[in-house]
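Colleague: I am new to reading models like this one. Can we go through the terms and check each one against the values?

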Amino acid sequence: MTADDFLDELSSALRGPRRRRQRLISELAAHIDDAIRAEVAANAPPEQAERDVLDRLGSAAAIARRWNDDRRGHRETWRRRAAVIALTAVAAGALGVTQYAAGKPQPPKPDAGLVPPPRPAAPMSEPSGWKKQE
Amino acid sequence: MGREAFSGHLDLLLLSALAAEARHGWGVIDHVRRTSGGRFDYPEGTIYPALHRLEEEGLLRSKWSNVDGRRRRVYELTRRGRRALAGRKQDWHEFARGIAAVIEHA
């Protein structure tokens with residue numbers, strides 16, 4: 001198996017968001033490049049270096065399994081968080097409805113403070129200069 | 001040391017490898033291999049999913065960077081990652097002391 005074969009096999013076995021998968025493939029390609037350079041610098045023949053590096057990486061299937069398991073765990077975590085947020089929102093809404101129904105706190109009256117309270121009716125007085133009819 | 005022993009402490013090893021400085025994946029693996037005296041025998045490729053997971057947990061952050069003229073994804077600890085590392089190191093030392101105490105009295 002060559003490095004390209006390895007990366008192709010891994011790429012087809014990965015699940016999850018495309019951007020993250022591409023990033024993983026890029027990182028592994030860089031890893032293979034670095035590791036082969038190090039082997040060749042230590043006087044290993046390039047083909048042997050590639051085989052050794054791929055052996056140390058482990059199988060594409062094993063890497064994909066670890067990755068896919070982590071993806072699944074990540075999705076579960078987010079589902080649980082979303083459920084907690086939804087339940088909290090429902091509970092807060094229910095509490096608000098209960099408090100409203102119980103009159104706590106009292107909702108403000110729509111016209112409170114806008115219309116002055118009615119004054120007691122003033123006694124009718126006759127304009128000065130008028131004479132009481134006999 | 002076998003793969004199982006390594007696997008159980010993988011996160012601690014990765015966080016420790018990044019404690020002193022930011023490194024890319026190959027640098028992390030190389031650091032763990034050198035500082036452990038080559039004791040850990042583990043498929044190197046599975047380190048990368050672990051780095052991604054630790055990043056999603058908020059313990060690491062990463063960015064593309066130019067390392068020796070080549071584009072590499074470089075990881076570093078977040079503040080939360082440093083706290084997690086301190087906690088896990090303490091757990092590890094307590095665990096190791098407990099095991100040592102038992103086997104010394106065997």
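Modeller: Start with a cut-off. Buried means under 20% relative accessible area. Keep in mind that this is a predicted model.

Colleague: Why is A:Ala60 called buried?

Modeller: A:Ala60 has a relative accessible area of 4%. The cut-off is under 20%. Therefore A:Ala60 counts as buried.

Colleague: Where is A:Ala60, and what does A:Ala60 touch?

Modeller: A:Ala60 belongs to helix α4 of chain A, residues 60–102. Leaving out residues up to four places away in sequence, A:Ala60 touches A:Phe6, A:Glu9 and A:Leu10. A:Ser12 lies 48 residues from A:Ala60 in sequence, with 9.7 Å between their C-alpha atoms.

Colleague: Now the two chains. How do you know how much area is buried between chain B and chain A?

Modeller: The size of an interface is often given as the accessible area lost when the parts come together. For chain B and chain A the buried area is about 2100 Å². Carbon and sulfur atoms give 53% of that area. On the side of chain B, B:Trp26, B:His52 and B:Glu56 lose the most area to chain A. Together they make up 29% of what that side buries.

Colleague: How many residues are in contact?

Modeller: Chain B brings 25 residues, and chain A brings 23.

Colleague: What makes B:Glu56 and A:Arg20 a salt bridge?

Modeller: The rule asks for a side-chain nitrogen of Lys or Arg within 4 Å of a carboxyl oxygen of Asp or Glu. In B:Glu56 and A:Arg20, the closest N and O atoms are 3.2 Å apart. That meets the cut-off, so the pair is a salt bridge.

Colleague: Which elements of chain B give two or more residues to the side that touches chain A?

Modeller: They are α3 (25–35), α4 (47–56), β2 (60–67) and β3 (70–77) of chain B. α4(B) gives the most, with seven residues. By type, that side of chain B has 10 nonpolar, six polar and nine charged residues.

Colleague: What makes β1(B) and β3(B) a pair?

Modeller: Pairing needs at least two bridges. Two bridges join β1(B) to β3(B), so they pair. They run antiparallel. One bridge partner of B:His24 in β3(B) is B:Val74.

Colleague: Why are β1 and β2 of chain B called edge strands?

Modeller: The open sheet has the order β1-β3-β2 in chain B. β1 (23–24) and β2 each pair on one side only.

Note on methods: Residues are numbered from 1 along each chain as its sequence is written. Chains are lettered from A and ligands numbered from 1 in the order in which they are written. This is a predicted model: local features need pLDDT of at least 70, side-chain atom pairs count only at pLDDT 80 or more; totals for chains, interfaces and linings use all residues. Side-chain values use heavy atoms; hydrogens and water are left out. Contact means heavy atoms within 4.5 Å. Buried area is the accessible area (1.4 Å probe) that two parts lose on being put together, summed over both. Helices (H or I, at least four residues) and strands (E, at least two) are DSSP runs, numbered from the N terminus. Ala, Val, Leu, Ile, Met, Phe, Trp, Tyr, Cys and Pro count as nonpolar, Asp, Glu, Lys and Arg as charged, and the others, Gly among them, as polar. Buried means under 20% relative accessible area, exposed over 50%, partly exposed in between (1.4 Å probe, protein chains only).
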